[in-house]
Amino acid sequence: MNPAHVIIAVSAIAVLTILRRNHRRRISSKDFINELPDDILISIITRMRTKDSTRMSILSKRWRNFYKFLPDIEFRCRDLIDCSSKAAQDDSNLMVEAVDRFFSLRSENSKIRYFSFCCCGLSKSHAHHFERWICSLGKLGVEELVLDFRCFTHTSDLPFSFSLVYEMPSLKSLKLDLCYLQPHMEKTQCNSLQIVILHNVFVLAGGLECILSTCLSLHTLSIDSCYFRPKSKLSVSGQNLQLKSLYILDCTCIESIRFCASNLMTFEFKSPITVDFIFEHVPQLQSIFLFVYNIDILPYIFGKLGQDLPQLKSLAFAVAPILKNMCKGPIESNLFSKLKQLDFRFYKYTGVDLISVIPFLQSCPLLQEFHLDVSLCNTILL
């Protein structure tokens, strides 16, 4: 081989090696993140907690305002103050100032889809701040709102007037936890709200009626561990009521529930006491789940329930404690003529007489599924 050719080949290899090394160095030193468009960067930080995404604003001038465009916001007092301390209620002013500053910096062109506020120590003295936040959320087009006024051992006496809902015309889902729900007497209508969840809420007189009569698009209502005035007689009714699913769980002081809901399809109820159910007009109601700790509900389930709801297709009930002989009297033939799914759950008793279930099964000629749960019973009698 010609020596000149060898020198040329070696030189070419050396040049290519140097070029590759320089290319690798340029790639390794290149800032690919900053070359991403703003929309991609905002999409990345939306998957972070609000606390962490806000901290990203100190990275550079470009990142300074990204958090202002986050569609999902979550404020928690535990991120700013020590909620377990006795001074937490005094320190809640820090939380109020933080939220005030957030809304003052938020652009009206950046929509908020989801807003969650979890803070202890708020009281009636902060009501004007709270109302201003609601108005700001309405302007920013909030669709889902979560308000939790309890952290650790602290509670709040902050009232939530349902009139505030009308300030948020785009709101579709509302969850309230530990506050006082005040009704709004004016007949203002809310066309957007579809889901309402109340947990540990003190429902003042007229509160439930206000929700049902003014929320024209409401299809799901959940009332869990809420407080009503003694011997409350609830009425699930309203003009043009679209409610399809109703959940009432572990609420106190309810004496009776009257139903006049033409679109209601699902009803779940859990209570330590027996409540009178008055089904006046529920032609679409097809699924019921009853969990009552008192055995007094059994005669109703094995008797009048089938007469009140002949269209029922799914029935589930749990009773604790139960008696060995559940069906004490004869059951009407074809009482549940359209029932297709049946679910029995028995708890906390030393014996269950399964033979006594047979008359009830015979009253369900179209039954397709039967589930029996006696896992927490000590003995089973056959």
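Throughout this tour, buried means under 20% relative accessible area, exposed means over 50%, and partly exposed lies in between, with a 1.4 Å probe and protein chains only. The model is predicted, so local features need pLDDT of at least 70 and side-chain atom pairs count only at pLDDT 80 or more, while totals for chains, interfaces and linings use all residues. Residues are numbered from 1 along each chain as its sequence is written, and side-chain values use heavy atoms, with hydrogens and water left out.

**The core.** Begin by selecting Phe115, Phe117, Phe277 and Leu315, the residues with the most contacts inside the largest nonpolar core, which has 95 residues. Such a core is a set of buried Ala, Val, Leu, Ile, Met, Phe, Trp, Tyr and Cys residues joined through side-chain atoms within 4.5 Å. Next colour helix α4 (residues 88–105), which supplies the largest share of this core, five residues; helices (H or I, at least four residues) and strands (E, at least two) are DSSP runs, numbered from the N terminus. Then centre on Phe277 and display its contacts (heavy atoms within 4.5 Å): leaving aside residues up to four places away in sequence, Phe277 touches Ile257, Phe259, Phe267, Phe269, Leu290, Ile297 and Tyr300.

**Helix α6.** Move on to residues 207–214, where helix α6 is largely enclosed by the rest of the structure because six of its eight residues are buried. Those to highlight are Gly207, Leu208, Cys210, Ile211, Leu212 and Thr214. Showing the strands β6 (180–182), β7 (195–199), β8 (202–203), β9 (220–224) and β10 (227–237) will bring up part of what covers these buried residues.

**The cysteines.** A disulfide would be a pair of cysteine sulfur atoms within 2.5 Å, and a search of the whole structure finds zero of them.

**Two loops with positive phi.** Most residues other than glycine have a negative phi. Select Asn200 in the loop between β7 and β8, where phi is positive at about 55 degrees although the residue is not a glycine; Asn200 is buried, with a relative accessible area of 9%. Finish at Asp250, in the loop between β11 (245–249) and β12 (252–260), whose phi is likewise positive, near 50 degrees, and which counts as partly exposed at 28% relative accessibility.
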